[in-house]
Amino acid sequence: MSGSGRSAEGVDPSASEERDPPLPGPKGHHDDAEALRQDIMAKLAYSIGKDPIVAQNHDWLVATILAVRDRIIDRWMASTREAFRTGRKRVYYLSLEFLIGRLFKEALSNFGLTETVRQALNGLGVDLDKIAELEPDAALGNGGLGRLAACFMESMATIGIPALGYGIRYDFGLFRQTLADGWQIETPEDWLSFRNPWEFERREANYQIGFGGTVATREGWDGAPHHAWAPSEIVLAVAYDTPIPGWRGEKVNTLRLWRARARDPIHLEVFNKGDHVGALAERTRAESISRVLYPSDATPAGQELRLRQEFFFTSASLQDLVRRHLMQFSEIRSLPDKAAIQLNDTHPALAVAELMRLLVDGHNLGWEEAWEITRRTIAYTNHTLLPEALESWPVTLMERLLPRHMQIIFALNARLLADTEPKRAEEGIAPADISLIDESHGRTVRMGFLAFVGAHKVNGVSELHTELMKRTVFRNLHRIYPDRIVNKTNGVTPRRWLFEANPGLTELLVETLGSGIVDDVEKLSDLAPLAGDPAFQERFFAVKRVNKERLAGVIAEHTGMRVDPHAMFDVQVKRIHEYKRQLLNILQTIALYDAMRTQPHRSWVPRVKIFAGKAAPNYERAKLIIKLINDVARIVNSDPSTRGLLKVVFLPNYNVSLAEAIIPAADLSEQISTAGMEASGTGNMKLALNGAITIGTLDGANVEIREKVGLDNIIIFGLTAAEVEARRRSGPPPRETTEQTPALKEVLDAVAGGVFSPDERNRYHHLVRDLEDHDWFMVAADFAAYVRAQEQVATLWRDSSAWRHSAVLNTAHAGWFSSDRAIEQYAQEIWDVPVSREAKA
């Protein structure tokens with residue numbers, strides 16, 4: 001549908017940020033504490049409407065954010081004007097998730113304003129750290145996918161790539177997780193309850209998004225059929241812009257999030273007839289699109305809402321970027337030369353059909369020309385090999401909600417099968433093997449295949465994942481298009497995950513390696529010669545102890561439990577899923593607990609097992625695993641026979657802010673997914689960067705971490721991806737494995753028998769039975785190897801010098817995993833976009 005307004009960003013406000021604590025500030029920056037103090041006071045009075053005498057901490061937070069935001073806006077506008085003036089190619093990054101977390105501290109750090117703002121607030125009797133804790137986490141993501149998108153947006157600004165991120169402005173984001181008797185409870189994450197001071201509503205930038213209706217066909221002037229979609233329902237997409245500054249605030253890009261609104265907020269006639277609820281039905285239906293991230297799709301209504309969400313933000317984003325392009329360049333045919341559209345996973349795969357619709361129906365291009373433009377403009381990142389994440393929508397649902405798009409997909413499929421017929425015949429590939437329509441269990445649209453066919457490049461996010469893509473989910477398409485799949489290993493921004501999250505370590509690194517480390521994080525490799533230096537090891541681990549003491553305080557605050565900061569902090573923090581194998585971890589914990597009780601004479605390493613993560617609301621098995629962890633914690637933590645040598649902690653409501661407390665304090669990084677099932681992971685990179693040693697399988701980016709840090713500085717165990725595949729095909733029955741592993745059998749008998757659930761003896765009966773009968777995720781198969789690997793961990797920990805040596809080397813060799821490096825590779829090898837800065841932070 002055509003946009004009803006002009007750009008919110010026609011020139012749009014855009015600005016930038018910088019870093020501070022021990023770090024040099026932005027070039028040419030002249031702010032001082034007194035000027036900021038005056039600005040904060042002015043914002044408090046004229047924007048918040050409060051007198052300092054009665055102002056609360058939240059008022060001071062908003063006033064300070066607004067004062068800092070003013071400084072960002074100048075750079076934001078300058079960045080936007082420069083992009084328009086130079087006509088540079090721009091990246092449009094479409095992602096259903098942007099897990100940006102808190103922005104205040106990151107803005108201060110990137111803009112070099114942390115100490116200046118601290119001084120300004122001190123003069124007003126306000127504590128910076130205290131008010132910063134009041135900023136809500138923008139819970140606009142579920143895990144690694146959304147956090148990667150946030151890192152990439154910051155890195156694109158840092159290395160000078162003009163970019164817009166497009167997503168949804170969820171009212172409640174992902175749910176807030178609480179625990180009730182160890183069970184996960186989902187409550188709304190009301191992050192917008194006190195409004196978002198970072199964003200700008202762009203009421204003039206709204207687009208009509210259609211659903212349902214009919215498609216009329218008429219003959220065009222050239223005799224070709226012309227299709228006109230007449231939707232039966234229209235929803236408005238309204239833009240909200242947030243500035244995303246890069247390092248030192250020299251460039252600022254835009255995150256544009258869409259909010260759904262009804263065209264008519266109330267049917268007044270219906271209301272006046274007494275149907276007060278029915279009068280708001282259309283508004284409720286429309287606004288539900290941007291209400292919640294990942295609503296349950298366990299019902300037909302939930303499945304429809306998911307599809308509506310994906311099309312809503314994809315259509316709004318494409319309409320916006322096409323309008324922006326035409327405003328600047330006038331000619332739609334130059335779109336591939338001036339715009340690169342990156343699909344972050346399969347959620348925005350409808351961009352292929354929607355861009356074709358806009359070009360063919362809206363701009364009257366011929367089919368072949370429109371297809372060439374579409375393919376040259378779009379690229380697709382695949383993040384998973386799990387079938388449920390690749391998405392397939394029933395054809396009947398698509399035809400009802402998006403009839404014109406279903407026509408386009410059928411046409412694309414017919415041409416795909418016709419064009420590839422010679423190659424398919426040569427390779428022995430059946431039409432059904434590459435068809436966009438899967439007819440094996442009712443007709444569904446394969447969204448992953450649609451994204452693949454409509455993109456000029458398809459990338460995996462680690463070396464192993466990319467190779468598995470070629471061999472599994474896209475095997476036949478890869479045989480036909482062998483040059484399309486490329487690898488781009490993920491990365492994380494060091495500004496958030498080192499400089500901001502771990503200022504003590506950053507200060508030590510700057511003092512040791514020089515201030516250049518903050519502009520080129522790959523210079524961390526210069527730390528390697530100091531890994532064996534006892535004096536440096538002591539300073540490195542003095543920082544770690546401070547971080548562990550801080551986390552111990554967080555644990556006490558959240559759970560009431562006291563833990564020993566001198567114990568090993570053994571950490572597994574990530575989304576709860578069977579393939580991530582929190583179950584394997586807690587079963588080994590039970591085995592360790594049993595061994596500690598029966599062999600008290602041994603020299604046991606004190607451990608704190610730290611878990612955190614959310615389970616999808618309708619993922620009952622994952623929620624049961626959370627309950628098991630908490631049941632085990634209740635028994636273990638209250639047993640005096642362990643003498644405090646073992647503690648088990650589950651920290652609720654894992655988010656970016658909690659990660660910033662946990663990751664710098666971790667000693668051991670649990671990356672134990674079933675080999676071949678984790679696309680990459682980014683938590684493994686953050687933890688290694690902060691000096692944690694990895695215990696993991698050869699899965700995802702663990703492979704590259706092993707290459708970078710060295711075999712002696714990572715602990716690898718378990719089946720490989722190929723061995724997992726072979727075992728699933730023809731391996732021994734899981735029950736046989738269990739019977740041959742006495743420690744595992746004893747643990748499973750205890751769990752199934754109700755030792756950890758005395759109030760409900762059969763609570764875990766089916767969990768254990770499924771593991772013994774199926775073991776799809778290789779928990780039983782890898783248990784013995786995991787136990788041995790944990791014994792290796794304990795041996796290394798006892799040799800404190802060796803442990804410290806390995807930990808320092810992990811930090812020294814983790815600089816390669818910067819999102820700046822990843823973005824430079826995307827820019828050079830996928831987007832054909834120049835990088836404009838020299839630093840490589």
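Visitor: At what angle do helix α1 and helix α4 pack, and how far apart are their axes?

Guide: The model is predicted, so that local features need pLDDT of at least 70 and side-chain atom pairs count only at pLDDT 80 or more, while totals for chains, interfaces and linings use all residues. Residues are numbered from 1 along each chain as its sequence is written, and side-chain values use heavy atoms, with hydrogens and water left out. Helices (H or I, at least four residues) and strands (E, at least two) are DSSP runs numbered from the N terminus, and axes are lines fitted to C-alpha atoms, for helices over the stretch in contact, with angles from 0 to 180 degrees between N-to-C directions. In these terms, α1 (residues 33–48) and α4 (residues 114–122) pack at an angle of about 60°, with their axes 8 Å apart.

Visitor: Is α1 oblique or roughly perpendicular to α4?

Guide: Angles under 35 degrees count as roughly parallel, over 145 as roughly antiparallel, 65 to 115 as roughly perpendicular and the rest as oblique. The angle between α1 and α4 is about 60°, and that makes α1, relative to α4, oblique.

Visitor: Is the crossing of α1 and α4 left-handed or right-handed?

Guide: A crossing is left-handed if the near helix is turned anticlockwise from the far one by less than a right angle, and right-handed if clockwise. By this convention, the crossing of α1 and α4 is right-handed.

Visitor: How do the residues of the contact of α1 with α4 divide?

Guide: Contact means heavy atoms within 4.5 Å, and on this criterion Ala33, Leu36, Arg37 and Ile40 of α1 meet Thr116, Val117, Gln119, Ala120 and Leu121 of α4. Ala, Val, Leu, Ile, Met, Phe, Trp, Tyr, Cys and Pro count as nonpolar, Asp, Glu, Lys and Arg as charged, and the others, Gly among them, as polar. The contact therefore divides, with these classes, into six nonpolar, two polar and one charged.

Visitor: Is Thr116 buried or exposed?

Guide: Buried means under 20% relative accessible area, exposed over 50%, and partly exposed in between (1.4 Å probe, protein chains only). Thr116 has its place in helix α4, and at 16% relative accessibility Thr116 counts as buried.

Visitor: Which residues of α32 make the contact with α31?

Guide: Helix α32 (residues 765–773) and α31 pack at an angle of about 145°, with their axes 8 Å apart. By class, this contact has five nonpolar, no polar and one charged residues. From α31 come Leu748, Val751 and Ala752, and from α32 come Val768, Leu771 and Glu772.

Visitor: Which residues have the most contacts inside the largest nonpolar core?

Guide: A nonpolar core is a set of buried Ala, Val, Leu, Ile, Met, Phe, Trp, Tyr and Cys residues joined through side-chain atoms within 4.5 Å. The largest such core has 156 residues, and those with the most contacts inside it are Met156, Phe312 and Trp831.

Visitor: Which residue follows α22?

Guide: In α22 (residues 503–513), the buried residues are Leu505, Thr506, Leu508, Leu509 and Val510, and they pack against α21 (494–500), α23 (534–559) and α27 (683–689). After α22 comes a residue whose phi is positive, near 100°, namely Gly514.

Visitor: What are the relative accessible areas of Asn364 and Glu391?

Guide: Asn364, in the loop between α11 (351–362) and α12 (367–377), has a positive phi near 60°, and Glu391, in the loop between α13 (387–390) and β12 (392–394), has a positive phi of about 65° although it is not a glycine. Asn364 is exposed, at 58%, whereas Glu391 counts as buried, at 10%.
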